[in-house]
Amino acid sequence: MINGIKMKLGGAVYIVPPLSLGAIELMQDRISKFQVGASLESVGTVIDALHSALARNYPEMTRAKVAEMVDLGDMQEVMEAIMDVGGLKRKALEPGEALPGK
């Protein structure tokens, strides 16, 4: 398991690791244009980025399943988790703290 942020998504808890450098490179244009709830393109970016991140720990995870687990209210928090390249958000979370997400 790659270290990440525990998030409750779709009723289950997952360890969401940051995106790999390869995924960031492939998605850099889309990520740089990301705006919470602003466009369908941003929705697709969150789904694709979260799928790429989760697949690092859950190889069986499908994009369709990811699309059903996330909603508009989760978009910003999900992007913060998967872009946690330096581990700043992970380091800020203390054991026993409430899980991000619903």
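In which handedness of crossing does α2 pass α4? The crossing of α2 past α4 is left-handed, and the legends below place it in its surroundings.

**Figure 1. Overview of the predicted model.** The model is predicted: local features require pLDDT of at least 70, side-chain atom pairs count only at pLDDT 80 or more, and totals for chains, interfaces and linings use all residues. Residues are numbered from 1 along each chain as its sequence is written, and side-chain values use heavy atoms, with hydrogens and water left out. The protein contains five helices and two strands, where helices (H or I, at least four residues) and strands (E, at least two) are DSSP runs numbered from the N terminus. Read from the N terminus, the order of elements is β-β-α-α-α-α-α. Of the 102 residues, 36% are buried (buried is under 20% relative accessible area, exposed over 50%, partly exposed in between, with a 1.4 Å probe and protein chains only). Among contacts (heavy atoms within 4.5 Å) with a separation of 6 or more, 62% join residues 24 or more positions apart.

**Figure 2. The largest nonpolar core.** This core has 27 residues; a nonpolar core is a set of buried Ala, Val, Leu, Ile, Met, Phe, Trp, Tyr and Cys residues joined through side-chain atoms within 4.5 Å. The residues with the most contacts inside the core are Leu-9, Val-16, Leu-19, Leu-50, Leu-54, Met-69 and Ile-82. Two or more residues each come from β1 (5-9), β2 (12-16), α1 (21-32), α2 (40-57), α3 (63-69) and α4 (75-82). Helix α2 gives the largest share, six residues. Apart from neighbours within four places in sequence, Met-69 contacts Leu-9, Gly-10, Tyr-14, Leu-54, Met-61 and Asp-74.

**Figure 3. Packing of α1 against α2.** The axes of α1 and α2 are 10 Å apart, and the helices pack at an angle of about 165 degrees. Axes are lines fitted to C-alpha atoms, for helices over the stretch in contact, and angles run from 0 to 180 degrees between N-to-C directions. Helix α1 is therefore roughly antiparallel to α2 (under 35 degrees is roughly parallel, over 145 roughly antiparallel, 65 to 115 roughly perpendicular and the rest oblique). Ala-23, Met-27, Arg-30 and Ile-31 of α1 make the contact with Glu-41, Gly-44, Thr-45, Asp-48, Ala-49 and Ser-52 of α2.

**Figure 4. Packing of α2 against α4.** The axes of α2 and α4 come within 10 Å and cross at roughly 40 degrees, so the two helices are oblique to each other. The crossing is left-handed, a term used if the near helix is turned anticlockwise from the far one by less than a right angle, and right-handed if clockwise. From α2, Ser-42, Val-43, Thr-45, Val-46, Ala-49, Leu-50 and Ala-53 meet Met-75, Val-78, Met-79 and Ile-82 of α4.

Figure 5. Thr-45 lies in α2 and is buried, with a relative accessible area of 0%. Beyond neighbours within four places in sequence, Thr-45 contacts Met-27, Arg-30, Ile-31 and Met-79. The C-alpha atoms of Thr-45 and Phe-34 are 7.2 Å apart, at 11 residues along the chain. Glu-41, also found in α2, is partly exposed at a relative accessible area of 45%. Not counting residues up to four places away in sequence, Glu-41 touches Arg-30 and Lys-33. A distance of 8.0 Å separates the C-alpha atoms of Glu-41 and Arg-30.
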